[in-house]
Amino acid sequence: MQTKQYPFYIQSTVVLFGLILFIYALATLADILIPLAFSAFIAILLNRLVNKLEKFRLPKIVAISVSLLIATIFIAGVFYFLSSQISSFGATIPALKMKFSHIINDLQMWTFKHFGIDTQRQAKFIKDTVNNSKGLVGQTITTVLGLLSVVLLIPVYVFLILLYKTLIINFLYEVFSEENSVRVAEILQETKSAIQSYIVGLLTETLIVAIMNSIALLLLDVKYAILFGVIGALLNMLPYIGGIIAIALPVLMATVTKDGYSTQLGIIAAYLVIQFIDNNILVPRIVSSKVQINALVSIIVVLLGGALWGISGMFLSIPFIAVLKIVFDRIDDLKPWGKLFGDTVPTRSIGHIWLRRRQRLSQNQM
């Protein structure tokens, strides 16, 4: 029995319609899928530790609980450090407000002198901006509350994913039948290795950047140098936008606490050097070498992830596309997509190779 072949425009329309439905489902179910995605990545990262604990004859539930406890203590330690630094930073807010008000007054006088805009119009503009930002503050508070609820759900999801790991793996094997068991095993193994390597590499990169940021800010005598160095490293995990905010925070602190602009210029220069080291040495050797996605696809995927799921989508986009590449490389019809996502640049055009092959065949037939 022959299968009916539909025209290309019908096939492409069906595929496009399916993609639109898939993206719509991802956007609609974001509140459910985002914590599940983070939980799956964390579970894969902790799986190695759970396996090691089970080798010491610990029961599976105990091994999972101990792994979650270690991860929780580590995260709590980071948050404790940041909160202690922020609390000491809060004690200087009144003095910073006074200094900032003087800077605003000087800026208003400079604006009036050079652009002729009187201080009343400037004050009205600032007031309108503050009023318009109230809605944004409300949205931010709602987002933070939603994030807290997600943080409470993630440990539960991680525990259950690790507990039912064998059940999930068996389900994947049975769905794709026994003939494809070797291919499924390769995909699962490479997916686990890619995600583990990516997360470990990202955390290592963040630690190194935090140390470099803190040392640079300490040498420039910026207040709360370690706090801004760590925050800058954490923001650096957020592609593109995070780097700009990471520079803006210490520059603003130096503007408020110091006279002149030499410190601000020093901060910008130091952060540019650190970004150069990060982008050309740390990321290629620590992060990108583990997840071999080319720069063009990485930028596009990060922007698409941000448009779909916001900041969470930016974080999840690279490991997600890495998993897709692993799958595509194992399916014959999708191998061209896997090559497109990879960072291996061909030295010759395949079109020229095929053209010469056809010319040789035609000459041999003559």
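Helices here are DSSP runs of H or I with at least four residues, numbered from the N terminus, and in this predicted model one of them, helix α2, spans residues 30–55 and contains S39. The secondary structure of the protein amounts to 13 helices and zero strands.

**Overall architecture**
- Read from the N terminus, the order of elements is α-α-α-α-α-α-α-α-α-α-α-α-α.
- Of the contacts in the protein with a separation of 6 or more, 66% are made by residues 24 or more positions apart.

**Burial and surface**
- The protein has 366 residues, and 27% of them count as buried.
- Its accessible surface comes to about 25000 Å², with 70% of that area belonging to carbon and sulfur atoms.

**The surroundings of S39**
- S39 counts as buried because its relative accessibility is 0%, whereas the cut-off for burial is under 20% relative accessible area.
- When residues up to four places away in sequence are left aside, S39 touches I154, Y157, V158 and I161.

**The positive patch and R357**
- R348, R356, R357 and R360 form a positive surface patch.

Technical notes:
Residues are numbered from 1 along each chain as its sequence is written. This is a predicted model: local features need pLDDT of at least 70, side-chain atom pairs count only at pLDDT 80 or more; totals for chains, interfaces and linings use all residues. Side-chain values use heavy atoms; hydrogens and water are left out. Helices (H or I, at least four residues) and strands (E, at least two) are DSSP runs, numbered from the N terminus. Buried means under 20% relative accessible area, exposed over 50%, partly exposed in between (1.4 Å probe, protein chains only). Contact means heavy atoms within 4.5 Å. Patches are made of residues with over 30% relative accessible area and no salt bridge: like charges are joined within 9 Å, nonpolar side chains (Val, Leu, Ile, Met, Phe, Trp, Tyr) within 5 Å. Accessible areas come from the Shrake-Rupley method with a 1.4 Å probe; for residues, only the protein chains shown count as cover. A salt bridge is a side-chain nitrogen of Lys or Arg within 4 Å of a carboxyl oxygen of Asp or Glu. Lys and Arg count as positive and Asp and Glu as negative; His and the chain ends are not counted. The place of a charge is taken as NZ of Lys, CZ of Arg, CG of Asp or CD of Glu.
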